[in-house]
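Trainee: I am new to this structure and would like to learn how to read it. Could we go through it feature by feature?

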Amino acid sequence: MAATTPTTSFFARQSTQARVARVGAYAAVTLLAMLYAAPFLWMVATSLKDPSELDAVPPIWIPKVLQWQNYPNALLRPTRYFPLFFENTAIYVGLSVLGQLISCSLVAYGFARIPFKGSKFLFTLVLSTMMLPPQVLLIPQYLLFKQLGWLDSLLPLVVPQWFGSAFYIFLLRQFFMTIPRELDEAALVDGAHRLDIFWRILLPLCRPILITVFALSFVTHWNDFFGPLIYLNSQKNMVVATALRLFAMSQQALPIHELMAASVTSVIPVIVVFLFCQRAFVRGITMTGMKEG
Amino acid sequence: MSATSNVRTIGRRRVIGLALGTIGAGALLAACGGSAPAPTAAPAATKPAAAPTTAPATGGAAAAPTTAPAGGAAAATKPAGTTNAPSAAAPATSKAPVTLRFTTWWAPLERGLKDASDQFKADFPYVTVAPEMVPSADFVPKQEAALVAGTWGDASISDNGTQVKWMAGGYHLDLTDKVKADGINLPQDYSLMGLEIWEGKVLHMPFDNDPRAIYYNKTAFKAAGVKDPWDDLKGKWTINDMVEAAKQLTNVQNGKTTFYGLQWNYNSYQEFSPLVWMLGGNYASWTELKYTLTDPAVAKAHQMLYKWAKEDKFLITVEATNELVGPGGVIPFRAGLTGMYHRAAYDVQLMDDVIKDKFEWDAAPLPDLDANTPGIPVTSGNPNYVPAKTRYPDEAYAWLRHLSSTKFQDFAATNHLYVPSNKKSWKTYQTANTKGKHLESFIRHVYSRRHGFHFYNAGMNAAGTAIRDQIDLVYLDKKKLEDALRDANQKANELVNFGGAKQPFSFTVPKPPVPTAELQALGVL
Amino acid sequence: MSSQSLASAAGVTRRRGFVTRTDLIGWLFISPWLIGFLVFTAGPFLAALFLSTTTWDVAGAWEEIGLRNYQRMFNGEDEQFAVAVRNTLYFVAFNVPGVQIIALALAALLNQKLHGISIYRTIFYLPAVTSGIATAYLWATILAKFGLLNGMLALIGIEGPTWLYSVEWGMPAIIMYSLWNVGTPMLVYLAALQGVPVHLHEAAMIDGAGIWGRFRHVTVPMITPAIFFNSVLGVIGSFQVFTAAFILTQGGPADATLVYILHLYRSAFLNGKMGYASALAWVLFLAILAVTLVQLAVARLWVYYEAEQPTARGVG
């Protein structure tokens with residue numbers, strides 16, 4: 001037994017049971033996938049409908065004729081020019097995600113690895129910031145950004161991201177703590193600087209979680225409409241999520257097919273990012289294998 | 001023990017620690033000279049109703065001595081139609097370029113905004129109007145943050161369900177003198193909703209009216225062999241006629257109703273008010289400034305509506321709407337699932353977009369209670385104001401004056417963007433581009449009768465929610481009507497808020513009809 | 001420099017007044033957060049505390065009323081407060097464990113070596129990326145009286161309720177909607193599961209452990225940090241549930257889905273009672289803080305970090 005490679009032993013011993021388990025897993029995963037994919041499929045279906053098919057009861061899942069013109073109609077109106085919104089969103093999301101990755105991993109490292117005075121108290125404070133409902137902070141924060149002269153720019157949206165955010169700090173700290181401390185300590189003994197250790201030793205080990213943070217942060221900022229809604233005024237500064245929200249709230253007789261066309265388009269970058277991160281996740285497995293040592 | 005995890009030791013005595021720490025952090029912030037936001041907000045509001053405007057806050061009924069009562073009713077020299085011409089208040093054309101931010105949630109205006117700013121540019125070449133559309137559902141928090149900070153648009157639509165708070169707080173520019181200088185007589189030239197002239201001061205410029213009528217599915221009427229309100233009844237019909245039509249239109253298959261005779265959003269007091277008025281009562285008092293939902297007429301109106309919904313089963317309930325189309329915002333009438341729909345003129349320009357050629361529709365007047373008791377339709381409005389902190393008060397006012405001028409209101413009327421509040425444009429609305437629809441249902445059959453507006457106050461939206469919740473319980477058979485109305489009345493009156501105004505309104509509701517002679521002169525009759 | 005690092009690594013603290021070099025380095029690392037906290041959060045945070053003792057309506061006059069706003073909550077003057085608390089606890093009680101079970105189950109499925117797994121992973125994450133508005137329309141369709149869900153229930157002979165317009169079923173419907181949106185905790189579990197060494201499973205298998213046994217005794221102990229993380233976040237998030245009720249039911253029918261933050265939101269922006277809303281916020285904050293501190297205290301009993309336990313527990 002010990003002589004065979006782990007992989008062969010895995011299947012040799014488990015063949016029947018494993019096969020049943022695999023079939024079961026496929027069935028379950030497919031069924032669940034159908035349930036979870038439904039909203040997106042519904043969005044795609046609706047985005048290609050003729051308006052006459054929108055209110056149909058029971059709902060129509062496959063339009064008779066695919067109405068591709070819904071897309072340009074939704075996205076390229078002079079009063080609602082999405083290419084500009086995509087550009088704004090890309091800048092906002094890019095700067096925010098970068099800021100969060102850098103600041104949160106530094107802060108999380110500090111909390112996970114350095115036994116400094118007040119660390120426990122400050123960490124409790126980090127967690128506590130997640131607990132105050134954002135609705136009541138809205139007006140004081142707004143006045144602060146007004147005093148700083150930042151309104152109608154990306155600054156109130158982006159700058160705070162460069163100072164970390166509790167959720168990702170917590171997530172990264174939890175992950176750092178699962179990595180054996182001996183790694184740091186050995187490096188410290190070898191004379192490495194803390195920043196070196198963080199950069200050269202820990203970060204490479206943290207690839208999966210960094211990619212997770214990247215993906216989560218990307219999605220959060222991409223979909224965030226409330227912040228941009230409050231802080232941005234001009235049409236030229238608008239981001240995709242706000243434009244969608246405005247679109248959705250703008251008329252009683254909502255052109256749902258066009259709204260869905262815009263929604264589908266807005267979701268595509270997120271899906272692409274996510275698929276890309278999936279591949280990185282798989283690569284990440286081999287990386288995490290290293291810590292067994 | 002260098003490997004001690006934080007998690008293992010956190011949690012003891014941290015409640016106190018956290019509280020102290022938070023205070024400490026604040027102290028630190030203050031010590032660092034950081035601009036703590038609360039103190040900056042507070043001074044602006046330290047004195048009750050401290051007014052950032054130049055006009056003194058009177059806090060009482062008496063208007064400032066310089067202010068002409070009732071919006072300068074005395075100065076009716078110039079008809080509103082000519083107000084788009086540059087007047088005394090209009091600055092010279094050789095000024096530095098100005099970008100005027102105009103904030104609105106009023107989406108149908110999107111179609112007319114470009115024309116509006118082009119027209120405006122002819123008179124004010126140096127002003128560029130930059131519209132800022134805010135989703136209606138998010139308008140309140142956004143306005144709340146920005147008005148306090150003084151960063152709201154230079155001109156703005158109001159949120160008429162909460163706006164009184166801002167009017168009372170002095171956040172509106174007093175337009176009384178400007179309106180007077182231009183010789184505009186608001187009460188004479190416009191159909192006013194109540195917020196425009198507040199305690200004698202002009203705080204809003206009128207914009208639209210949104211009268212309700214009965215939209216009906218002409219195709220369904222024909223198919224069911226029901227008398228058509230226009231073709232057969234010549235626009236003169238009663239509640240009884242409507243009930244009979246609704247009964248015949250309703251279609252039941254296998255015990256399930258597949259088509260309802262009538263859609264009338266009974267849980268909104270803004271929509272059930274016409275029935276209350278017709279029955280001789282009122283749900284609020286414009287003189288005592290409180291809700292009066294315990295008025296017997298309110299109960300009578302709901303006994304009627306309840307019977308329609310639960311016994312006759314031709315009125316679609318919220319529950320039935322949910323069963324039929326789901327709660328996703330599909331309007332049953334537009335989806336071809338109800339025969340009639342009590343709804344505002346707002347839908348006129350949207351109906352064709354949605355319904356297309358699915359069925360033929362038209363609009364009928366609100367029916368009379370009986371041959372001797374005319375119907376009393378409800379209307380509403382969304383006026384615009386100039387925030388007190390704008391840098392361009394003259395230009396902002398000129399822009400709002402333009403939006404309410406005959407020139408633009410005629411444009412809006414021709415395109416059915418909204419029912420103009422400017423009386424001079426009424427004729428255009430009911431005659432231009434009607435495509436055979438009886439749009440006089442929203443003009444002639446509203447203003448030639450007694451008609452009402454909403455009970456505007458700072459707690460209107462909140463009171464509306466409280467009332468809706470109670471009414472819903474009745475139609476779910478979870479509460480008795482009398483109990484629900486009593487509780488609704490109590491809650492609504494806790495929320496009612498006029499910001500210290502003693503008697504802000506210059507009229508009571510329902511308002512009397514516009515005199516026949518005037519309607520004839522306007523070409524409406 | 002290196003000798004000092006070495007010293008601190010060896011646990012030797014060299015006192016310089018109160019502050020050691022390790023402290024300085026630690027503070028330097030966390031300084032981005034600390035500065036951000038002081039500038040962007042602490043002020044507004046304290047402002048809300050002060051406002052909670054006033055009748056501020058944002059627009060104009062206000063007065064200080066001490067603890068009056070807090071009394072209002074607990075002496076029954078604000079009936080909706082009790083309703084909102086009850087509804088929120090109902091939501092938390094079902095949503096927190098529900099999300100953990102579903103997210104972990106999905107992550108476990110996704111951690112299998114199946115073909116096309118990356119597509120499946122993306123699909124399961126889709127609900128978290130599709131916009132709230134699109135999702136709301138979909139759920140309106142699913143939860144309608146004759147919608148998808150009731151259609152499926154009819155197959156097994158159950159007549160479904162009018163979910164979103166039912167006093168009894170409104171809240172379960174909101175919970176269902178929430179349970180379907182588990183993308184983020186699922187990702188966290190997935191990342192954790194990928195960190196479970198294969199050799200531990202093999203060892204357990206050799207000892208004759210079945211799938212469930214391995215899951216229970218190998219996987220679960222190894223991912224307790226993730227379970228802990230997701231539960232803490234789940235509790236914090238569930239107490240602040242808002243969007244589902246805001247979009248799907250607006251708190252109705254008859255307040256059946258009026259959750260705490262919706263009540264707070266209405267108080268602040270609809271009723272113009274920012275002072276009272278701030279008091280509501282602080283009570284909620286303290287409640288969540290208390291629950292979280294209990295979770296942190298209990299965590300030592302069941303959360304294992306590999307850093308402190310080099311060999312995995314629970315095997316054989």
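Trainee: How many residues does the contact take from chain A and from chain C?

Mentor: Before the count, note that this is a predicted model. The contact takes 89 residues from chain A and 78 residues from chain C. On the side of chain A that touches chain C, helix α1 (residues 6–47) of chain A gives the most, with 17 residues.

Trainee: How many nonpolar, polar and charged residues does that side of chain A have?

Mentor: Sort the residues by class and count each class. The side of chain A that touches chain C has 62 nonpolar, 20 polar and 7 charged residues.

Trainee: How is chain A divided into domains?

Mentor: Chain A has domain 1 (6–70) and domain 2 (73–287). Their contact can be read in the manner used for two chains. It takes 10 residues from domain 1 of chain A and 10 residues from domain 2 of chain A. On the side of domain 1 that touches domain 2, the largest share, 4 residues, comes from α1(A). By class, the residues on that side of domain 1 of chain A are 4 nonpolar, 5 polar and 1 charged.

Trainee: What is the strand order in the open sheet of 4 strands in chain B?

Mentor: For a sheet, read the order of the strands, then their directions. Here the order is β2-β1-β3-β14 (chain B), and the pairing is mixed. The edge strands are β2 (127–133) and β14 (384–385) of chain B, each of which pairs on one side only. Strand β1 (residues 98–104) of chain B runs parallel to β2(B), and 7 bridges join them. For one residue pair, take L100(B), whose bridge partner in β2(B) is V129(B).

Trainee: Which helix packs on that sheet?

Mentor: Helix α16 (residues 393–403) of chain B packs there, touching β1, β2, β3 (155–157) and β14 of chain B. The direction of α16(B) makes about 55 degrees with that of β1(B).

Trainee: Where is A107(B) found, and is A107(B) buried or partly exposed?

Mentor: A107(B) is in the loop between β1 and α5 (110–123) of chain B. With 18 other C-beta atoms within 10 Å, A107(B) is partly exposed, because a residue counts as buried at 20 or more. A107(B) and V134(B) are 27 residues apart in sequence, and their C-alpha atoms are 8.9 Å apart in space.

Trainee: Which strands pair with strand β7 of chain B?

Mentor: Strand β7 (residues 212–217) of chain B pairs with β13(B) in the antiparallel sense over 4 bridges. β7(B) also pairs in the antiparallel sense with strand β12 (residues 338–344) of chain B, over 5 bridges. One residue, I214(B), has A364(B) as its bridge partner in β13(B) and H342(B) as its bridge partner in β12(B). Since 6 of the 6 residues of β7(B) are buried, β7(B) is largely enclosed by the rest of the structure.

Trainee: Which residues lie on each side of strand β13 of chain B?

Mentor: In β13 (residues 361–364) of chain B, W361(B) and A363(B) are on one side, with D362(B) and A364(B) on the other. They are all buried, so both faces are covered.

Trainee: Why does the length of helix α21 of chain B agree with what it should span?

Mentor: Compare the expected span with the distance between the end C-alpha atoms. At 1.5 Å a residue, the 15 residues of α21 (residues 481–495) of chain B should span 21 Å, and the end C-alpha atoms are 21 Å apart. The buried residues of α21(B), among them A484(B), L485(B) and A488(B), pack against β11 (290–291), α13 (296–311) and α20 (460–475) of chain B.

How values were computed: Residues numbered from 1 in each chain as written. Chains lettered and ligands numbered in written order. Predicted model: local features only at pLDDT ≥ 70, side-chain atom pairs only at ≥ 80, totals over all residues. Pairing = 2+ DSSP bridges. Helix = DSSP H or I, 4+ residues; strand = E, 2+ residues; numbered from the N terminus. Contact = placed C-beta atoms within 7 Å. Axes fitted to C-alpha atoms, helices over the stretch in contact; angles between N-to-C directions. Nonpolar A, V, L, I, M, F, W, Y, C, P; charged D, E, K, R; others polar. Expected span 1.5 Å × (residues − 1). Buried ≥ 20, exposed ≤ 12 C-beta atoms within 10 Å, placed from the backbone. Domains from an automatic or database assignment.
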